[in-house]
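Morning, everyone. I'll take a few minutes on salt bridges. Have a look at the model first.

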Amino acid sequence: MAYDSINRRHFIGGVAGLGLAAQAPGAFAQQLKLPASPVTISVIDVGGALALVQTPMENFPKMKPKLASRMVFTKAPAPELPSKIKAQQSAGRVDIDMVIGGLDVLSAGIEQKLWVELLPRFAAELPKPEDIYLAPALAMHNLGQGQGMAMVYYPSGPLLEYMPDRVKTPPTTAEELLAWTKQNKNRFFYGRPANSGPGRTWLMGLPYILGDKDPKDPEKGWDKTWAYLKELGENIEYYPGGTGQTMKELGDGTRDIIVSTTGWDINPRVLGIVPKEAKVQTLKGFHWVTDAQYMMIPKGVSDEKLAVLLDLVRHMLTPEQQAYTYDEGYFYPGPAVKDVPLSMAPETSQKAIKEYGRPEYDKLIADNPMETPLNPDKMVIAFRIWDEQVGGAKKK
């Protein structure tokens, strides 16, 4: 799903990986031939993941100069991209080679039949998902129905982030949070779910915390969640249109508790937007609502370019390249594949996470259930109900 992003710093470097020539001939070799000269690869980012994967992607032409000459990156809003690709496909002039983004754009493309089928069509040439992915990342990958490959993953949240000098006893249950907001009007804050990753994770995580009837059905199974959010909203001044504003207001003292995720906790403290001293808290009944970003290839790319793009996908899923996705905690941990310890990450990443990460995250990740997000059609319904019944006139 798309994530609002903040100013990012990127790493530079190259690491050796697997080569196309090293692969045994298979169905792929029979169907597709390599280009006669290196190609330029156009990648469009619709979910903010470029902050995590630009370096591994830029490593590809350095390592495979006979296949790729350079990478070109652009960004676009997720809702606008499917119609743009559809128009290019109808005109027979597709100039987007790869899309990186979340479950929203992946699912929209599946519905409109925009993507090349990667699995099982190219199973002989791509890593076997069951062999490489962490279990929660595999569950996210499987939502892509073989038309996208999960690229980065994180357990996400929802977490409460607070300033301990202003909140001496943080709430530990949903009831305690509600009581705290009544006693501390306008000091709790979260972003509109349709525009905020933590806001969205909070919305999808509450049905588990509250023990609602069906956490996967916002229309018929969230009676407790909708009632709770309406009552909570009486003590919230407004709902910003992005997560960055919640971090800013926590940092400047306007708010005392906000909704967060692992990445949104770590990275803004690395960047100095939120004080290092901020703490996090989960609520009783907490389940992680996981998140991932994917690689997709639009139909209409040439067979020669497709051959190179499949090798790029394979390159991106090697442990050496996955290690870059630790970044500065933006999507913590980041790697979707197994056996990528922090010790493999660039020194800058290791330093940032050792200084600003939280030892308790390892235990929280190990000890609490992992849930996949709502399917996109259900997510749209959840956003609509929130906008109509909860956010209303308080959106900004």
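Which residue forms a salt bridge with Arg255? Glu237 does, with the closest N and O atoms 2.9 Å apart. By salt bridge I mean a side-chain nitrogen of Lys or Arg within 4 Å of a carboxyl oxygen of Asp or Glu. The pair links distant parts of the chain, 18 residues apart: Glu237 sits in the loop between α9 and α10 (243–251), Arg255 in the loop between α10 and β7 (257–260).

Some ground rules. This is a predicted model, where local features need pLDDT of at least 70, side-chain atom pairs count only at pLDDT 80 or more, and totals for chains, interfaces and linings use all residues. Residues are numbered from 1 along each chain as its sequence is written, and side-chain values use heavy atoms, with hydrogens and water left out. Helices (H or I, at least four residues) and strands (E, at least two) are DSSP runs, numbered from the N terminus.

Back to that pair. Arg255 is buried at 2% relative accessible area. Glu237 is partly exposed at 42%. Buried means under 20%, exposed over 50%, partly exposed in between, with a 1.4 Å probe and protein chains only.

Next, Glu231 and Lys182. Their side chains meet in a salt bridge at 2.8 Å, N to O. Glu231 is in helix α9 (residues 223–233) and Lys182 in helix α7 (residues 174–183), so the bridge ties together parts 49 residues apart in sequence.

Now one within a helix. Lys363 bridges to Asp367 at 2.7 Å. They are 4 residues apart in helix α15 (residues 360–367), about one helical turn. Lys363 is exposed, at 59%.

Finally, the whole structure has 17 salt bridges. Lys64, Asp311 and Arg314 are linked in a network of them.
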